[in-house]
Number of protein chains: 2
Amino acid sequence: MKILFDKTEVLGHGECYIAVDGQYISYIGREKPDGDFDRVINTKDKLVCPGLYNCHTHSAMQFLRGYGEDLPLDRWLNEKIFPAEDRLTPDMVYKSSSFAIAEMIKNGICSFSDMYYFCDKTAEAVGETGIKANISRSIVSFAPAADHSKDNRFLESVQLYKDYHNAFEGRLKVDFSLHAEYTNVESMARFCAEYTEDKHIAYQIHLSETEKEHNECIARHGVTPTGFFEKTGILNNNVSFAHCVWITEDDMDILKKYNSTVVHNPASNLKLGSGVMPLSKILKHSINVALGTDSSASNNTLDILKEIYLAAILQKGIDRDPSSIKAEEIVKLATVNGAISQNRNDCGELMVGKKADIIMLDLDRVNNIPMFSPIYTLVYSVNSSDVCFNMVDGRVLYENGEYTTLDIDKIKHEMKTLRKSFFA
Amino acid sequence: MKILFDKTEVLGHGECYIAVDGQYISYIGREKPDGDFDRVINTKDKLVCPGLYNCHTHSAMQFLRGYGEDLPLDRWLNEKIFPAEDRLTPDMVYKSSSFAIAEMIKNGICSFSDMYYFCDKTAEAVGETGIKANISRSIVSFAPAADHSKDNRFLESVQLYKDYHNAFEGRLKVDFSLHAEYTNVESMARFCAEYTEDKHIAYQIHLSETEKEHNECIARHGVTPTGFFEKTGILNNNVSFAHCVWITEDDMDILKKYNSTVVHNPASNLKLGSGVMPLSKILKHSINVALGTDSSASNNTLDILKEIYLAAILQKGIDRDPSSIKAEEIVKLATVNGAISQNRNDCGELMVGKKADIIMLDLDRVNNIPMFSPIYTLVYSVNSSDVCFNMVDGRVLYENGEYTTLDIDKIKHEMKTLRKSFFA
């Protein structure tokens with residue numbers, strides 16, 4: 001299918017036309033391209049931007065949004081979240097993931113990175129809805145074993161990879177995941193590193209989210225969580241480390257050396273009282289930084305435009321310098337850097353030959369007027385409800401409030417029913 | 001006019017009916033009230049909440065939204081904001097204020113506090129649009145004068161008060177304003193304090209917004225800005241102090257002693273690199289705290305629901321404790337505490353006998369599902385685009401995207417034209 005976006009403001013390009021041929025962007029330019037198009041998209045008062053990346057979430061936790069607020073972290077986890085998760089079923093993971101994906105599509109997200117379990121159900125939801133994702137089955141291991149290859153979670157990871165890696169024309173990728181240092185023994189991390197060696201498997205790992213976790217690792221292993229993972233060999237893979245609130249300058253040197261990605265989750269880190277990730281310092285180390293929402297249980301929305309805004313103003317405030325972070329840098333975190341973290345070389349930018357992951361924002365909304373520069377409007381003024389169009393791999397998933405691949409009324413009803421029956 | 005809100009979830013009351021008679025709430029209860037109603041409002045899937053207060057803004061700066069981003073503070077002010085403001089006309093103040101009010105109405109705000117100039121134009125816009133406001137003409141004075149009563153800004157304040165205080169059936173109040181300590185001489189502050197003594201005039205003042213301002217005051221006067229204003233006698237009035245990022249524990253004791261209000265502007269303070277106001281400490285001093293957006297030039301939206309969310313998660317993050325601020329406390333900042341700061345005893349709460357300032361939020365939006373408790377949904381999940389209804393003093397100003405008192409297409413067009421011509 002050939003689609004033409006009528007001439008309009010295109011982020012980073014000025015006033016342009018964009019043509020899409022199948023899954024790919026085939027033209028960007030000021031002159032109207034030749035040829036016939038199956039569809040010409042009305043772009044009046046719209047800003048065209050690349051699709052956004054949510055590089056850390058647990059989509060199946062969607063049903064826990066707003067459950068057990070304002071509690072100390074240990075009570076929230078032990079009295080609320082863990083007991084609820086213990087009762088989770090594959091069907092609930094499917095429904096929650098589908099609902100999380102609906103929220104992400106509406107908010108202009110083209111791809112997400114996910115750590116959880118019953119992941120085949122999340123894979124199903126990704127397949128049906130048309131979004132992209134890197135999903136992973138979190139491995140936890142609290143005791144050394146003679147043979148980690150018999151570990152159920154490891155075996156599930158292997159099976160998930162066989163069943164789904166590069167499924168749905170490459171929209172779905174399967175990563176490995178070690179949940180964190182504090183939830184794994186060193187022998188399991190070493191075993192995984194050996195297993196994945198030369199297989200080009202990416203990893204998703206929680207790292208130095210809380211001060212307690214960071215310091216207890218030093219007490220336990222004599223090194224920081226970053227040092228721990230370096231020792232195990234895991235860093236030879238493409239690893240995305242979520243949170244990194246407490247990493248040191250030495251940790252940053254290590255992460256840069258191995259080209260790891262740091263995934264910044266500003267809302268979740270504030271809301272759970274973890275602290276503020278040192279974004280400016282991490283960027284000074286030229287580390288690839290992406291953005292994540294974490295789950296709806298700790299955010300409470302899957303809204304990367306909110307994280308873009310928050311990451312920008314929070315860092316200016318902490319640095320006490322309104323010029324310490326530029327709008328252009330922040331937008332990279334949510335686009336091209338996200339694609340890098342997901343091992344997606346053909347995504348993340350509006351460029352001929354790249355996958356057509358294109359969103360449109362309504363510039364005629366009250367909050368977007370006046371506009372001086374599209375990048376400032378995008379970072380500082382836009383509301384996620386201004387997203388009026390979301391195309392992934394050349395396929396329109398959302399347009400003017402309507403979904404093309406999912407029955408939103410059915411999904412909303414299922415979530416309301418689930419909340420009532422599960423917490424009856 | 002008698003209006004009935006059909007039974008629905010009412011914040012702080014559970015499932016209730018609300019009846020409105022003229023400007024006032026006449027009934028809140030679980031049983032359907034007797035009597036005839038001119039209108040019954042459909043509340044299906046709606047959360048009814050009190051109208052929100054924006055207690056610090058400069059609405060006439062609306063046309064500067066997004067102008068000169070990511071610059072150091074002194075360059076932003078001296079190269080961008082001050083030169084633009086120098087060219088401001090009364091007509092531009094009218095158009096910008098009208099547009100700012102349109103944004104506030106859409107975002108569920110029932111009343112705002114404003115400091116600027118050409119204030120009769122802002123008064124006009126308040127009169128026409130049906131919103132409430134406390135407006136003030138900022139006084140600045142850089143040299144002592146033999147007779148401050150001849151100061152133009154002081155005379156404009158006096159005139160504004162005579163012309164507009166309690167205008168529009170009390171919707172509009174006129175406050176006095178000393179811009180800040182660093183923009184005023186002590187004799188002017190003393191003169192104003194004497195003039196307003198026993199007149200029950202409220203004040204709006206910037207206080208300890210930046211560390212520089214705070215420390216330079218100590219160097220200049222030997223006291224903090226709070227101490228400076230205490231010395232002048234200004235604190236005997238009802239004063240709302242905006243920002244207070246750098247106030248000390250001693251300052252807090254003073255502000256509590258005089259029942260002053262602190263207006264927290266979390267987004268603006270972060271974005272301008274001023275820092276983070278110590279909200280938890282200030283609340284521990286039992287000081288009345290309200291919320292403000294500051295202007296669109298430093299925020300970039302007039303969205304109190306965003307400030308509610310930000311105030312909550314920011315303080316949890318800074319305190320490193322997710323239980324340090326509770327949702328119930330934060331909502332008070334944006335409602336009843338705002339009314340207190342504005343000398344409005346008959347507003348700020350859903351209570352029989354109070355003014356009918358009522359908003360509704362759409363709970364059927366993806367981001368608000370599931371709901372465990374309305375207060376958590378309001379603070380952590382809601383998006384300002386979920387506001388679907390805004391009633392001020394019993395009059396519907398906004399409903400399902402439509403304004404009843406202003407021509408939004410005309411106003412948007414005027415702002416776009418103004419931006420083009422002014423910055424041509």
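How many of the residues of strand β8 (residues 132-139) of chain B are buried? I opened the notebook with this strand and found that eight of its eight residues are buried, so that I may call the strand mostly covered because each falls under 20% relative accessible area. I note here that the model is a predicted one.

**Entry: strand β8 of chain B**

I then asked how the burial is divided over the strand. In a regular strand the side chains alternate between the two faces of the sheet. On one side of β8(B) I listed B:Lys132, B:Asn134, B:Ser136 and B:Ser138, and on the other B:Ala133, B:Ile135, B:Arg137 and B:Ile139; both faces are covered, and all of these residues are buried. Looking for a partner, I found that strand β7 (residues 109-116) of chain B pairs with β8(B) in the parallel sense, over six bridges. Within this pairing, B:Ser111 stands opposite B:Lys132 of β8(B).

**Entry: the sheet of chain A**

I turned to chain A and traced an open sheet of eight strands, which run in the order β6-β7-β8-β9-β10-β11-β12-β13 with parallel pairing. Its edge strands are β6 (52-57) and β13 (288-291) of chain A, each of which pairs on one side only. From one strand to the next I recorded an average twist of 25°.

Inside this sheet I looked at one pair in detail: strand β8 (residues 132-139) of chain A and strand β9 (residues 172-178) of chain A are joined in the parallel sense by seven bridges. One residue whose partner I looked up is A:Ile135, and its bridge partner in β9(A) is A:Val174. Helix α5 (residues 186-196) of chain A packs on the sheet, where it touches β8, β9 and β10 (203-207) of chain A, and the direction of the helix makes about 150° with that of β9(A).

**Entry: confidence and the interface**

Before going on to the contacts between chains, I checked the scores: ipTM is 0.98 and pTM is 0.98, while chain A averages a pLDDT of 97, with 100% of the residues scoring at least 70.

The size of an interface is often given as the accessible area lost when the parts come together. For chain B and chain A the area buried between them is about 5,300 Å², and carbon and sulfur atoms give 60% of it. In chain B, the residues that lose the most area to chain A are B:Asp70, B:Val366 and B:Phe372, which together account for 15% of what that side buries.

**Entry: helix α14 of chain B**

Is α14(B) enclosed or exposed? I found eight of the eight residues of α14(B) buried, so the helix is largely enclosed by the rest of the structure. The buried residues are B:Pro374, B:Ile375, B:Tyr376, B:Thr377, B:Leu378, B:Val379, B:Tyr380 and B:Ser381. I looked up what lies over them, and the cover includes α9 (266-271) of chain A as well as β1 (2-10), β5 (46-50), α11, α12 (327-334) and β14 of chain B.

**Entry: backbone exceptions**

Most residues other than glycine have a negative phi, and most peptide bonds are trans. Against that background I noted two cis peptide bonds in chain B. One joins B:Ile369 and B:Pro370, with omega about -5°, and B:Pro370 is found in the loop between β14 (358-362) and α14 (374-381) of chain B. The peptide bond from B:Asn299 to B:Asn300 is also cis, with omega near 15°; B:Asn300 lies in the loop between β13 (288-291) and α11 (304-319) of chain B.

I also recorded positive phi values. A:Phe168, which is not a glycine, has a phi of about 55°; its place is in the loop between α4 (152-164) and β9 of chain A, and at 31% relative accessibility A:Phe168 counts as partly exposed. B:Asn166, not a glycine either, has a phi of about 65° and is found in the loop between α4 (152-164) and β9 (172-178) of chain B; its relative accessible area of 40% makes B:Asn166 partly exposed.

**Entry: cysteines**

How many disulfides are there over all chains? My count came to zero. A:Cys49 is in no disulfide, because the nearest cysteine sulfur, that of A:Cys388, is 10 Å away and a disulfide needs the sulfur atoms within 2.5 Å. A:Cys49 counts as buried, at 1% relative accessibility. B:Cys55 is likewise in no disulfide, the nearest cysteine sulfur being that of B:Cys110, 9.1 Å away, and B:Cys55 counts as buried at 3% relative accessibility.

Technical notes:
Residues numbered from 1 in each chain as written. Chains lettered and ligands numbered in written order. Predicted model: local features only at pLDDT ≥ 70, side-chain atom pairs only at ≥ 80, totals over all residues. Heavy atoms only, no water. Buried < 20%, exposed > 50% of the residue type's maximum accessible area, 1.4 Å probe, protein only. Pairing = 2+ DSSP bridges. Helix = DSSP H or I, 4+ residues; strand = E, 2+ residues; numbered from the N terminus. Axes fitted to C-alpha atoms, helices over the stretch in contact; angles between N-to-C directions. Contact = heavy atoms within 4.5 Å. pLDDT = per-residue confidence, 0-100. Buried area = accessible area lost by both parts, 1.4 Å probe.
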